[in-house]
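Please keep the sequence and the structure open beside the text while going through the numbered points.

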Amino acid sequence: MAFDCMGRDDNMNAIGVYIHYPWCRSRCSYCDFSIEITKKSIPHNEYLEAVLAEFRLRVSDYPQSHIISIYFGGGTPSLWNADCIAKMIHAVLNEFDTDGDVEITLEANPRDCTEENLIRWKNAGITRLSIGTQSFDDSTLIVLGRDHDKDNAKDAVIRAMNMGCFSVSCDLIFGVPKSRYEQTIKPVLNESWLPKHLSIYELTYEDKTLFSSYVKRNVLQPLDDTLLETIYCDIHETLTAKGYEHYEISSYAYPQHHSRHNSLYWSGNNFLGVGNSAASFQRFDDGSGKRWTNIRSVKSYMKHAPDQRIALEQMLSKEDVMLDLLWLGSRTSSGTARKDWDAYCDVLTWLLSEGLGIEQNGYIHPTLRGFLYADHIASRLFLDKK
Ligand code: SF4
């Protein structure tokens, strides 16, 4: 199996499986995901049966596929029984070809990263932990509505790395009102205990979140765009000087530590998502494709038969698939092949003249400015299509 330096797979038979786990202890102030709050006990086994039934139904859509990644996302999948996680991994590995080199990621809340759980996850087959730290500053964590403190976050990262068997990533959010970058994020970027993969997101104000209601009522004031750009560029300068590669808009990693699963989404490989609100993509031999998304609510997901759980299905022409590859590729440092821009020459000319991208060895790579204005690039591409 050939992986390039970005962790992408050049084999179009490669597939990733995403398993959505919807329960969380509480809802964070910025979150609009499809989740359930754990008021009573979680139906661990019932949910496992539901996702397994869906998986067994859909797997035949991907014949002769080679599994390269399994990803447990949420929600807070670190709340799921390790036995259920192990059974799910076993079922997926059983159905696909594998050369034994499969990235198996679990998103984990820092509070769940106890010594006992780390051992359970390792025994279940997890190889990578994506720890939802979000901040290492207590006041910022309170504003974000997180259910852990900075010590939980730091201890979780160090404990997971000390196990020696996991590839570890942690998340950070910048642009939080009332949280000064110079005091809350910048010092952390220089810590020696940081993992080799970091996902760093700008805070967004999604509809129907606590944060968006605060903004509407003027309780919170979002940071202005110029300040956000300065912070974004400073994070880039600080981390690349330490040897991290800024390989996607929000992702930094040392060489050989890129997330294989995310790279699979960005490079147009197949993925099968199971669980409520999970999305899937299937690419056909002629270059066209299909994507679908499951019912959002976990209650209806579990109530419906496995073949009745799709909420939205979309057939994609070859051109649609190519357009997706272009805008997704514009968000990664490896970029897109120059020849793939042939139908969008005007956009390419604009992008190069604005310094949003550069051409190198037959590829168009985004610049740092291109990362900053990635949404503009996507809008231009979609406008040009019409
Ligand atoms: S832990 Fe993640 S999924 Fe759960 S509420 Fe917070 S942001 Fe949303």
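**Notes on the model**

1. Glu359 is found in strand 16, which covers residues 357–360; helices (H or I, at least four residues) and strands (E, at least two) are DSSP runs, numbered from the N terminus. This is a predicted model, in which local features need pLDDT of at least 70, side-chain atom pairs count only at pLDDT 80 or more, and totals for chains, interfaces and linings use all residues. Residues are numbered from 1 along each chain as its sequence is written.

2. Is Glu359 buried or exposed, or does it fall in between? Glu359 counts as partly exposed because it has 14 C-beta neighbours inside 10 Å; a residue is buried if 20 or more other C-beta atoms lie within 10 Å of its own, exposed if 12 or fewer, and partly exposed in between, with C-beta atoms placed from the backbone. Leaving aside neighbours within four places in sequence, Glu359 is in contact with Arg338, Leu352 and Ile364, where contact requires the C-beta atoms, placed from the backbone, to lie within 7 Å. Gly335 is 24 residues away from Glu359 along the chain, and the C-alpha atoms of the two are separated by 9.4 Å.

3. Another set of strands can be followed from strand 12 (residues 279–283), which is joined to strand 13 (residues 289–294) by five bridges in an antiparallel arrangement. Ser280 has Trp292 of strand 13 as its bridge partner. The hairpin of strand 12 and strand 13 has five residues between the strands, and in this hairpin Gly287 takes a positive phi near 95°. Strand 13 also pairs with strand 14 (residues 310–316), again in the antiparallel sense, over six bridges, and Lys290 has Met315 in strand 14 as its bridge partner.

4. Which two residues touch the most other members of the largest nonpolar core? In this core of 75 residues they are Ile131 and Ala160; a nonpolar core is a set of buried Ala, Val, Leu, Ile, Met, Phe, Trp, Tyr and Cys residues joined through C-beta atoms within 7 Å. Strand 1 (residues 14–21) gives the most to this core, contributing six residues. Apart from this core lies another, of 12 residues, among them Leu323, Leu326, Leu348 and Leu356. Beyond its neighbours within four places in sequence, Ile131 has contacts that include Ala108, Pro110, Cys113, Ala160 and Val168.

5. The residues around the ligand are Cys24, Arg27, Cys28, Cys31, Phe33, Ile35, Gly74, Gly75, Thr76 and Gly132, where a residue is near a molecule if its C-beta atom, placed from the backbone, lies within 6 Å of it. Two residues of this shell, Gly74 and Gly75, are joined by a cis peptide bond with omega of about 20°. Gly75 lies in the loop between strand 4 (66–74) and helix 2 (82–95).

6. Some backbone angles deserve a second look. Most residues other than glycine have a negative phi, and most peptide bonds are trans. Gln64, although not a glycine, has a positive phi of about 55°, and this residue is found in the loop between helix 1 (44–58) and strand 4. Lys208, also a residue other than glycine, has a positive phi near 65° and lies in the loop between strand 8 (197–202) and helix 8 (210–216). Gln64 counts as exposed because it has 8 C-beta neighbours inside 10 Å, and Lys208 is exposed, with 7 other C-beta atoms within 10 Å.

7. For the protein chain as a whole, the secondary structure comes to 15 helices and 17 strands, and buried residues make up 41% of the 386 residues. The radius of gyration of the protein chain is 21 Å, which agrees with the value near 21 Å for a compact globule of 386 residues; this radius is taken over C-alpha atoms, and the globule rule is 2.2 Å times the number of residues to the power 0.38.

Conventions
Two residues are in contact if their C-beta atoms, placed from the backbone, lie within 7 Å. Two strands pair if DSSP finds at least two bridges between them.
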